[in-house]
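Here is a short note for your first look at this model. Please read the points in order, with the structure open beside you.

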Amino acid sequence: MDKIVIQGGVPLHGSVRIGGAKNAALPILIATLVAPGEHRLDNVPELVDVSSMLSLLGRIGCPSLVHGDAVRLDTSRVSFCEAPYDLVRKMRASVLALGPLLARCGEAHVSLPGGCAIGVRPIDQHLKGLEALGCEFELSGGYVHAKVNKLVGNRVVLDFPTVTGTENILMAAVLARGESVIENAAREPEIVDLASFLRSLGARIEGDGTSTLRVQGVTSLAPPEETYSIVPDRIEAGTYLVAGAITGGDVTCVGVRPRDLEPVLEKLREAGCQLELGTDRVRLIAPKQLKPVDITTLPHPGFPTDMQAQLMALLSLAGGRSVFTETIFENRFMHVPELMRLGADVQVDGNRAVVTGVASLKGATVMATDLRASASLVLAGLAATEGPTEVLRLYHLDRGYERLVEKLTGLGAQVQRLPDDLRGRMLSELAATA
Ligand code: EPU
């Protein structure tokens, strides 16, 4: 397994091109199932999660061709209505197969995603919504077995604006008979992108970006002539802006939609960063001293949980105390013990973390158990002024950040990806404790 080695303390400067959003690409790839034929997508990020989704589509009977960020996908035939355990285990977003498979085949067998590192993550709201559209479910052998004779539009009121839950219900509702209304729907930019993609297939959807989605079901959908381009990744962009801020640098993210980043930009401004916004770019100039900021994660347009860990790395160097409140996931402070190994001062109490800024961070060997936690450790490593930082278990980063080392190197970071010498590490740890 590889590791990333960072010599921190170098202010980052320059521009970085942001890729397509992982969390828009995943639902859009599987949504192609509702329109049989050949689909062309671009700005698809080159990530392990995207390869996993294409493997799932391949297993279902839909082959694909990938060329850089362009994907061609043939959904003319479906031979298998199942998302098997070996794929769902690797990527929780495979649960997104449920809605499109039900709409396409009238049945779906999807392995239950189960718990994951950041919390329990049940799918009761997905099932409640699909049930309202006429689907029946049976849970057995670790699978959701679902079937429906005819999807019929209905009103669904979600208990919580779940992102993938809203997407699953939306992907089924576009082919249901009559009108569906999804109340308390998620409003994330990735939902808006999925709705735009579905509209390009002929779906009739209104209200995306608000809490009420209205769908007039149609009898069939077809791939458009034009190539569909995935929305830019606001979380990748936010992560590089924090890389600029935490190193005292000057970083411009290019190919972004600044309005999607607003909840994150607002907190960066409060922390003292200077921001310049263009139509497709955001420039961040770091302050001499960061100011503390309180952050509460919320569904969009609140502050995104997917940026909480990165902001915590940043504010560990602020001049004062910042309070983080995580309201989306019950176990999303796993980066805290690792940040503390680099010298951060954080105290966790339930879903609150109090971060008292320190003067500097020091390099250490760290690893994380989820994607955004891993990103926060890379950021802290970029700021650490004494000794190198080694970030282990890179498969999380590979799931969500394309060409991370290349992009950071382009901004002047001293960072390398190397094979992890596990034996050497164990020997030196043994020598140190002897
Ligand atoms: N929830 C339920 N029941 C449900 C669905 C969700 O109780 O049926 C709860 C969850 O347990 C959680 C909360 O609702 O406490 C929010 O979960 P949500 O369903 O909105 O999250 P998700 O759809 O599973 C997506 C992203 C996550 C991102 C969250 C929140 C994708 C593929 N994943 O997950 O992205 O953190 O929304 O914005 O879109 C990441 O990219 O690192 C990542 C984890």
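1. Start with a term. A salt bridge is a side-chain nitrogen of Lys or Arg within 4 Å of a carboxyl oxygen of Asp or Glu. Three salt bridges are counted between domain 1 and domain 2. Keep in mind that this is a predicted model.

2. Now find the two domains. Domain 1 is made of two stretches, 2-19 and 232-422. Domain 2 covers 22-229. Taken over C-alpha atoms, the centres of the two domains are 30 Å apart. Domain 1 puts 26 residues into the contact, and domain 2 puts in 19.

3. Next, the area. About 1900 Å² is buried between domain 1 and domain 2. Carbon and sulfur atoms give 53% of that area. Which residues of domain 1 lose the most area to domain 2? They are His-300, Arg-399 and Glu-402, together 28% of what the domain 1 side buries.

4. Look at a charged pair. Arg-403 forms a salt bridge with Glu-46. Their closest N and O atoms lie 3.2 Å apart. Across the interface of the two domains, seven residue pairs are in polar contact.

5. Turn to the helices. On the side of domain 1 that touches domain 2, α12 (371-383) and α13 (395-400) each supply at least two residues. Of the elements there, α13 gives the most, with three residues.

6. Last, the make-up of that side. How many of its residues are charged? The side of domain 1 that touches domain 2 has 13 charged residues, along with eight nonpolar and five polar ones.

Methods. Residues are numbered from 1 along each chain as its sequence is written. This is a predicted model: local features need pLDDT of at least 70, side-chain atom pairs count only at pLDDT 80 or more; totals for chains, interfaces and linings use all residues. Side-chain values use heavy atoms; hydrogens and water are left out. Domain bounds come from an automatic or database domain assignment. Contact means heavy atoms within 4.5 Å. Buried area is the accessible area (1.4 Å probe) that two parts lose on being put together, summed over both. A polar contact is a pair of N or O atoms within 3.5 Å; within protein, one must be able to donate a hydrogen and the other to accept it, and residues adjacent in sequence count only if both atoms are side-chain atoms. Helices (H or I, at least four residues) and strands (E, at least two) are DSSP runs, numbered from the N terminus. Ala, Val, Leu, Ile, Met, Phe, Trp, Tyr, Cys and Pro count as nonpolar, Asp, Glu, Lys and Arg as charged, and the others, Gly among them, as polar.
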